[in-house]
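Here is a short report for a reader meeting this structure for the first time.

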Amino acid sequence: MTMQNQIDIVAFGPEHIDGAVELSRAESWPHRREDWQLVQQLSAGIAAVDADRRLTGTTLLTPYGQDCATINMVIVDKSMRGLGVGRKLMERAMALAEGRPLRLVATKEGLPLYEKLGFVTTGEIRQHQGEVRPLDRPDGVEDMQAGDLGSLKALDREAYGADRSALIDALVRHGKIAVIRKGETIEAWAAIRPFGRGEVIGPVIAPDAKTACALIAFHAASRPGAFLRVDTGSETGIAPWLSEIGLPHVGGGIAMRRPSKDNAEQARRKVYALANQALG
Ligand SMILES: CC(C)(COP(=O)(O)OP(=O)(O)OC[C@H]1O[C@@H](n2cnc3c(N)ncnc32)[C@H](O)[C@@H]1OP(=O)(O)O)[C@@H](O)C(=O)NCCC(=O)NCCS
């Protein structure tokens with residue numbers, strides 16, 4: 001019997017969290033028990049267990065309505081790599097997506113597997129973190145009110161392209177949300193919550209980089225010296241400012257997408273000329 005034959009693939013449940021924390025620690029990922037619990041509650045997952053029921057691999061799938069899903073927490077125990085466990089976990093998790101287009105952020109180690117499974121690179125994610133310098137509290141940013149939730153969700157859906165209501169409800173439960181208003185409407189928002197070694201600021205949904213920085217500064221200003229993390233796309237342009245406020249670039253990942261069949265058909269058509277410059 002090969003080692004591979006001793007591996008069972010089962011549904012990931014709360015009983016796997018302790019083993020999962022060990023797997024992510026072995027990769028020097030910062031996830032605490034609570035961080036795994038949060039993602040588990042929002043996701044369907046697949047676990048690989050050995051003959052002693054020890055957890056040897058994980059892959060979670062977080063659906064955002066019917067619009068798309070993210071694949072995350074893909075780890076195979078170091079002693080079990082190169083045996084096809086990662087591919088098996090991914091294939092099972094992808095089946096759970098039921099045709100939704102998929103997104104993920106890959107490590108260098110994961111990249112070859114994802115490419116083989118039809119994912120394509122769409123960008124670069126930069127991880128910035130550190131002990132934030134004391135900052136002035138920016139004007140025009142305030143804590144959200146209970147009545148803002150619907151507008152926040154609508155804004156997020158427009159920016160992210162999928163219904164992340166369940167995630168946003170969890171962010172409200174576990175963290176805090178700040179908003180910027182323009183008249184009666186909410187123009188931008190950002191969440192902060194405990195994560196890993198400290199707290200993470202995100203998502204940050206804003207019309208421009210200046211507004212995004214104001215939201216981040218609002219959260220950061222209330223906790224000088226705290227260990228904060230922000231993951232930003234390299235194209236957003238806010239990375240140099242994050243470094244300036246004490247959150248240097250420490251690593252990152254490769255943003256990837258796997259279109260669904262429907263999407264692939266749409267993607268064949270592109271805008272080659274604008275209606276005019278005013279109308280886009
Ligand atoms: C990424 C990871 C999950 C892969 O798990 P694994 O069980 O070793 O993967 P598999 O044995 O199923 O191999 C997957 C495929 O990738 C290929 N592959 C793996 N590493 C490769 C490399 N460096 N170059 C080219 N191909 C590679 C394998 O040949 C295999 O292809 P095949 O199925 O066509 O034969 C594992 O390396 C891991 O846990 N890494 C640390 C955590 C991590 O970075 N996870 C990714 C997070 S996004």
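The ligand is surrounded by 21 residues. Val74, Gly84, Gly86, Arg87 and Thr107 are the closest. The model is a predicted one.

Backbone atoms reach the ligand too. Valine 76 places a backbone N or O atom 2.8 Å from an oxygen atom of the ligand. For glycine 84, a polar backbone atom is 2.8 Å from a ligand oxygen atom. Glycine 86 has a backbone N or O atom 2.8 Å from an oxygen atom of the ligand.

Now to the helix pairs.

| Pair | Residues | Angle | Axes apart |
|---|---|---|---|
| H1 and H2 | 17-26 and 33-41 | about 115° | 9 Å |
| H5 and H6 | 149-160 and 165-174 | about 130° | 10 Å |

Take H1 and H2. Their crossing is right-handed. H1 contributes Ile17, Asp18, Ala20, Val21 and Ser24 to the contact. Facing them in H2 are Arg33, Trp36, Gln37 and Gln40. By class, four residues of this contact are nonpolar, three are polar and two are charged.

How do H5 and H6 lie to each other? They pack at an angle of about 130°, and the two helices are therefore oblique. H5 and H6 cross in a right-handed sense. On the H5 side, Leu149, Lys153 and Asp156 make the contact. The contact of H5 with H6 holds three nonpolar residues, one polar residue and three charged residues.

Conventions:
Residues are numbered from 1 along each chain as its sequence is written. This is a predicted model: local features need pLDDT of at least 70, side-chain atom pairs count only at pLDDT 80 or more; totals for chains, interfaces and linings use all residues. Side-chain values use heavy atoms; hydrogens and water are left out. Axes are lines fitted to C-alpha atoms, for helices over the stretch in contact, and angles run from 0 to 180 degrees between N-to-C directions. Helices (H or I, at least four residues) and strands (E, at least two) are DSSP runs, numbered from the N terminus. Angles under 35 degrees count as roughly parallel, over 145 as roughly antiparallel, 65 to 115 as roughly perpendicular and the rest as oblique. A crossing is left-handed if the near helix is turned anticlockwise from the far one by less than a right angle, and right-handed if clockwise. Contact means heavy atoms within 4.5 Å. Ala, Val, Leu, Ile, Met, Phe, Trp, Tyr, Cys and Pro count as nonpolar, Asp, Glu, Lys and Arg as charged, and the others, Gly among them, as polar. A residue is near a molecule or strand if one of its heavy atoms lies within 4 Å of it. A polar contact is a pair of N or O atoms within 3.5 Å; within protein, one must be able to donate a hydrogen and the other to accept it, and residues adjacent in sequence count only if both atoms are side-chain atoms.
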